[in-house]
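Here is a short tour to read alongside the model. Please keep the sequence and the 3D view open as you go.

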Amino acid sequence: MTNKRTKDPLEQQYTNHPYPQPIMNMQEQIEKFGYKQMSSFDLIWKKLFPEKDYDDDIDVLIAGCGTNQAIYHALKFPKSKNYAIDISQTSIDHVKNMIKKYDLKNLEVEKKDIVDLNAKQKFDYIISTGVIHHTKDPQESLNKLVKITKSDGALFIMIYASFLRHGIYYLQDVFRYLKIQPDQKGVSLIKNLLRLLPENHYALNYIKGMQISSGTRDFEFDAGIVDTFLNARDKSYDIYELKEMIENSGSYFQCWLNNDCYYRDLIDFSKEEELKNNFENLDPWERADFTQKFDPNNGKFSFILRKEKKFENIWFDIKSLNKETYANHNEYKAKKSMDIDSNYGGSIGIGDVSIDLTVEERVIWDNLNNKVKNILVHSNREFKKNNLQEITLNELFVLLHKFWKRGRLDFSYV
């Protein structure tokens, strides 16, 4: 007598609680409300492919598409060819319904595990956000995704980071002891218990961050509560665990989605020359680990992988910049205008985040989307016109690299 295959508890979870909340009107969300996904390659092209001109006619794999990610990419980029997989039948059914609704010809969806993907099929761009850390063997899953990436392709990965999630795992254990079930009653019990947390509980920084997140706000819907506190399987990583997993996958770490979480200057070491030198000599992984351990602010890692070593930790060394390098605006937008007479550089930002700039910084920021040598000429012309001190090429390199470490611009070859 043949035993039926025992359903994976994670598959059962996401079938019963599809994640995230399904969007029934994605086209309206994109066109009317400006809905975006962080994997949207029009937003992060320079991070993904600093050596290539933009071209959305590419083969895309969305590994663990959930309810909405595949529909977004297929609608947003009609020239792209998309293949999406997920283990949740409910999510797959929703995607298929949306394919019919929008008559999408550029999206194929299938219920499948990452490790079962056809190794012969190759993709220009692979997206797997919030997925690998839930798989039975995250290393095997990442290895498969790397294997099916084209030699000049890129992977956009997001996995859990341990720095802010320690308290979440404590609460997972607490709710497990209480035998709370992933149903409506269980969700209600969790919401009530969260209100009773002591004010110094480790989970509160993560919870507060989620409440102001510009992404999916998991605590505003039941599937998000289940995903966070009653998850059937998840794992988080510190910096060096992530480094080891990447190295074992046969890929190379190219860059973070937002350098600000890993490379920003937290401390002014100018009066401590020895400490300053020690800090400046940290390699990319040490710098990221230092930053997160001094100011833990991350519950996830979002990053780009490539298959060619020449892209490894690209731009981290300021010496990688030259006059022909392009410095480009990214998602930061101008907010307040510059007022030179008041010695105020105005501000730039994303959403509710606003960052004041010096006049020097603002003039340079306004002249981005150009080669460094041209940024220098145009900026100095502006400085001279307003009787301000001109800058040298080396000074410009320092300022641009500082902007890059803060996540405020992207470099590229083209």
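Asp137 is partly exposed, with a relative accessible area of 35%; here buried means under 20%, exposed over 50% and partly exposed in between (1.4 Å probe, protein chains only). This is a predicted model, in which local features need pLDDT of at least 70 and side-chain atom pairs count only at pLDDT 80 or more, while totals for chains, interfaces and linings use all residues. Residues are numbered from 1 along each chain as its sequence is written, and side-chain values use heavy atoms, with hydrogens and water left out.

- Asp137 sits in the loop between strand 4 (123–129) and helix 6 (138–147); helices (H or I, at least four residues) and strands (E, at least two) are DSSP runs numbered from the N terminus.
- Between the C-alpha atoms of Asp137 and Glu382, which are 245 residues apart along the chain, the separation is 55 Å.

**Nonpolar cores**

- The largest nonpolar core has 62 residues, of which Leu145, Trp256, Phe301 and Phe303 touch the most other members; such a core is a set of buried Ala, Val, Leu, Ile, Met, Phe, Trp, Tyr and Cys residues joined through side-chain atoms within 4.5 Å.
- Helix 17 (residues 393–405) gives this core its largest share, six residues.
- Another core, of 34 residues, lies apart from it, with Ile23, Ile62, Leu107 and Cys255 among them.
- Leaving out residues up to four places away in sequence, Trp256 touches partners including Lys47, Tyr262, Trp285, Phe301 and Phe303, where contact means heavy atoms within 4.5 Å.

- In helix 9 (residues 204–211), the buried residues are Leu204, Tyr206, Ile207 and Met210.
- They are on the same side of helix 9 because they cover an arc of only 160 degrees around the axis, taken from the directions from the helix axis to the C-beta atoms.
- Those buried residues of helix 9 pack against helix 7, helix 8 (184–194) and helix 10 (222–229).
- Helix 7 (residues 166–177) is also the place of Val174, which is partly exposed at a relative accessible area of 36%.

**Backbone details in loops**

- The peptide bond from Tyr19 to Pro20 is cis, with omega near -10 degrees, and Pro20 is in the loop between helix 1 (9–16) and helix 2 (26–33).
- Trp315 is not a glycine, yet has a positive phi of about 75 degrees; Trp315 is buried, with a relative accessible area of 5%.
- Asn369, also not a glycine, has a positive phi of about 65 degrees and counts as partly exposed at 47% relative accessibility.
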